[in-house]
Amino acid sequence: MSQFTSHMNAALDEARAAANRGEVPVGAVIIAPNGKIIASAGNRTRELNDPTAHAEILAIRAACAALKTERLTGYDLYVTLEPCPMCAMAISAARIKRLYYAASDPKSGGISQGPRIFSHPQAHHVPEIYDGINAAESETLLKDFFAEIR
């Protein structure tokens, strides 16, 4: 029996780096079946002038490029905030095996909030979902970021 190892701290590091760049502090990492991080990213929507440059999308793109494949079957994704509907569909299309996320997003979430993307028949693949990992730390990071810019 293998022991569970959380990679949420690596995702939180990416979220902090995003905040330091003036981006909404969301970070993501993709984990290979051997437990190694193969891609990581933080939000870069402002930097890249790209509304699709969410941490999850950038990490999925980097992992697929590194592996030269469009599917990440057997790979896990850790993200510091509940994915939005766009990212949820990308996770489904990439065939991510397990999704771990920290904080829930009542405003823009697409997994357990809002449209609940994985409950729709158009979601061709539904990952295993685990939420609440390091949620308080992620929530504090987000609240502090938004308090500072207001």
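Q: In this predicted model, what covers the buried residues of H4?
A: The buried residues of helix H4 are Cys87, Ala88, Ile91, Ser92 and Ala94, each of them under 20% relative accessible area. The cover over these buried residues includes H3, S3 and S4.

Q: How are H3 and H4 oriented, roughly parallel or roughly antiparallel?
A: Two packed helices are described by the angle between their axes and the distance between the axes. For helix H3 (residues 55–67) and helix H4 (residues 85–94), the axes come within 9 Å and cross at roughly 25°. Because angles under 35 degrees count as roughly parallel, the orientation of H3 to H4 is roughly parallel.

Q: Which residues of H4 make the contact with H3, and in which hand does H3 pass H4?
A: On the side of H3 the contact is made by Glu56, Ile57 and Ile60, and on the side of H4 by Met86, Cys87, Ala90, Ile91 and Ala94. By class, the residues of this contact divide into seven nonpolar, no polar and one charged. The crossing in which H3 passes H4 is left-handed.

Q: How do H1 and H5 pack, and how many charged residues does the contact of H1 with H5 have?
A: Helix H1 (residues 8–20) and helix H5 (residues 135–149) pack at an angle of about 5°, their axes being 11 Å apart, and the two helices are therefore roughly parallel to each other. The contact is made by Asn9, Leu12, Ala15, Arg16 and Ala19 of H1 together with Glu137, Ser138, Leu141 and Phe145 of H5. Divided by class, the contact of H1 with H5 has five nonpolar residues, two polar and, as to charged residues, two.

Q: Which element gives the most residues to the largest nonpolar core?
A: Of the 30 residues in the largest nonpolar core, those that touch the most other members are Ile30, Leu72, Leu99 and Phe118. The elements that give two or more residues to this core are strand S1 (27–31), strand S2 (37–42), H3, strand S3 (76–81), H4 and strand S4 (98–103). With six residues, the element that gives the most to this core is H3.

Q: With which residues is leucine 99 in contact, leaving aside its neighbours within four places in sequence?
A: Leu99 is among the residues that touch the most other members of the largest nonpolar core. Leaving aside neighbours within four places in sequence, the residues in contact with leucine 99 are Leu77, Val79, Pro83, Ile91, Ile111, Phe118, Pro127, Glu128, Ile129 and Tyr130.

Q: Is lysine 68 buried or exposed?
A: Lysine 68 has its place in the loop between H3 and S3, and its C-alpha atom is separated by 20 Å from that of arginine 98, 30 residues apart along the chain. Because a relative accessible area over 50% counts as exposed, lysine 68, with 76%, is exposed.

Q: How far apart in space are alanine 66 and alanine 39, C-alpha to C-alpha?
A: Alanine 66 is found in helix H3 and is exposed, with a relative accessible area of 54%. Alanine 66 and alanine 39 are 27 residues apart in sequence, and the C-alpha to C-alpha separation in space is 8.3 Å.

Q: What is the phi of arginine 95?
A: Arginine 95 follows H4 and has its place in the loop between H4 and S4. The phi of arginine 95 is positive in a residue other than glycine, with a value near 65°.

Definitions and conventions:
Residues are numbered from 1 along each chain as its sequence is written. This is a predicted model: local features need pLDDT of at least 70, side-chain atom pairs count only at pLDDT 80 or more; totals for chains, interfaces and linings use all residues. Side-chain values use heavy atoms; hydrogens and water are left out. Axes are lines fitted to C-alpha atoms, for helices over the stretch in contact, and angles run from 0 to 180 degrees between N-to-C directions. Helices (H or I, at least four residues) and strands (E, at least two) are DSSP runs, numbered from the N terminus. Angles under 35 degrees count as roughly parallel, over 145 as roughly antiparallel, 65 to 115 as roughly perpendicular and the rest as oblique. A crossing is left-handed if the near helix is turned anticlockwise from the far one by less than a right angle, and right-handed if clockwise. Contact means heavy atoms within 4.5 Å. Ala, Val, Leu, Ile, Met, Phe, Trp, Tyr, Cys and Pro count as nonpolar, Asp, Glu, Lys and Arg as charged, and the others, Gly among them, as polar. A nonpolar core is a set of buried Ala, Val, Leu, Ile, Met, Phe, Trp, Tyr and Cys residues joined through side-chain atoms within 4.5 Å. Buried means under 20% relative accessible area, exposed over 50%, partly exposed in between (1.4 Å probe, protein chains only).
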